[in-house]
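Here is a note for someone opening this structure for the first time. Please read the points with the model in view.

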Amino acid sequence: MKPIFSAALWAGILSLTACAHSDGLNKPATKPSEERVQIYKSDGSRQCEGGGTSPEAMKSQLQGIRVYAAEKQVLHGMMFPAVCGGQTGSINVYTIAEQDLSEVEKRGFNILKQKD
């Protein structure tokens, strides 16, 4: 009975560890090129005036950079005085590969820091 139990135990252990590929740091192994970050740029809208550039139109400034997602958001953590002509805090956010970060910063985009 003991050999059957031992074989079953090892089969169970091997089946559980066979799919657990890791880089040794308890997180899935990923290639550096797969790391993604969110960047943003003000859409240029002004209080009492509206306007602003859509994420789709501003995406042309990222020509040559692969964009995985684009959306409009509001910049959090900053205050904007209520005054006609003042900034609204409306931003266009893009998800890109981390390796392209230095290039997009040259084009006036900033990294979007996530709230803790």
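1. Charges over rings. A charge sits over a ring if NZ of Lys or CZ of Arg is within 6 Å of the ring centre and within 35 degrees of the ring normal. Arg-36 meets this rule: its charged end sits over the ring of Tyr-68, 3.5 Å from the centre. Lys-41 meets it too, with its charged end over the ring of Phe-109, 4.9 Å from the centre.

2. Ground rules. The model is predicted; local features need pLDDT of at least 70, side-chain atom pairs count only at pLDDT 80 or more, and totals for chains, interfaces and linings use all residues. Residues are numbered from 1 along each chain as its sequence is written, and side-chain values use heavy atoms, with hydrogens and water left out.

3. Overall layout. The chain has 3 helices and 4 strands. Helices (H or I, at least four residues) and strands (E, at least two) are DSSP runs, numbered from the N terminus. Their order from that end is α-β-α-β-β-α-β. Of the 116 residues in the chain, 23% are buried. Buried means under 20% relative accessible area, exposed over 50%, and partly exposed in between, with a 1.4 Å probe and protein chains only. Contact means heavy atoms within 4.5 Å. Among contacts in the chain with a separation of 6 or more, 72% join residues 24 or more positions apart.

4. The aromatic pair. How many aromatic pairs does a search of the whole structure find? The search finds 1. Tyr-94 and Phe-109 form this pair, edge-to-face, at 6.0 Å centre to centre and 80 degrees between the planes. The rule pairs rings of Phe, Tyr and Trp (its six-membered ring) if their centres lie within 6.5 Å; planes under 30 degrees apart count as stacked, over 60 as edge-to-face and the rest as tilted. The pair links distant parts of the chain, 15 residues apart. Tyr-94 is in strand β3 (residues 90-97), and Phe-109 is in the loop between α3 (101-106) and β4 (110-111). Both Tyr-94 and Phe-109 are buried.

5. The cores. A nonpolar core is a set of buried Ala, Val, Leu, Ile, Met, Phe, Trp, Tyr and Cys residues joined through side-chain atoms within 4.5 Å. The largest core has 11 residues, including Tyr-94, Phe-109, Val-37, Ile-39, Met-58 and Val-67. Elements β1 (36-42), β3 and α3 each give two or more residues to this core. A second, separate core has 5 residues, among them Leu-75, Ile-91, Val-93 and Leu-112.

6. Leaving out residues up to four places away in sequence, Val-67 touches Lys-59, Leu-62, Tyr-94, Thr-95 and Ile-96. Ile-91 lies in strand β3. Ile-91 counts as buried, at 2% relative accessibility. Ile-91 and Tyr-40 are 51 residues apart in sequence, but 6.3 Å apart in space, C-alpha to C-alpha.

7. The disulfide. The structure holds 1 disulfide, defined as a pair of cysteine sulfur atoms within 2.5 Å. Cys-48 and Cys-84 form it, with their sulfur atoms 2.0 Å apart. Why is the disulfide left-handed? The torsion about the S-S bond is about -65 degrees, so the disulfide is left-handed. Cys-48 lies in the loop between β1 and α2 (55-58), and Cys-84 in the loop between β2 (67-74) and β3, so the pair ties together parts 36 residues apart in sequence. Both Cys-48 and Cys-84 are exposed. For Cys-48 the relative accessible area is 63%. Phi of Cys-48 is near 70 degrees, a positive value in a residue other than glycine.

8. The salt bridges. A salt bridge is a side-chain nitrogen of Lys or Arg within 4 Å of a carboxyl oxygen of Asp or Glu. The count by this rule is 2. In one, Asp-43 pairs with Lys-72, and the closest N and O atoms are 2.8 Å apart. This bridge links distant parts of the chain, from the loop between β1 and α2 to strand β2, 29 residues apart. Is Asp-43 buried or exposed? Asp-43 is buried, at 4% relative accessible area, while Lys-72 is partly exposed at 39%. Arg-107 forms a salt bridge with Glu-103, with the closest N and O atoms 3.0 Å apart. Arg-107 is partly exposed at 26%, and Glu-103 is partly exposed at 31%.
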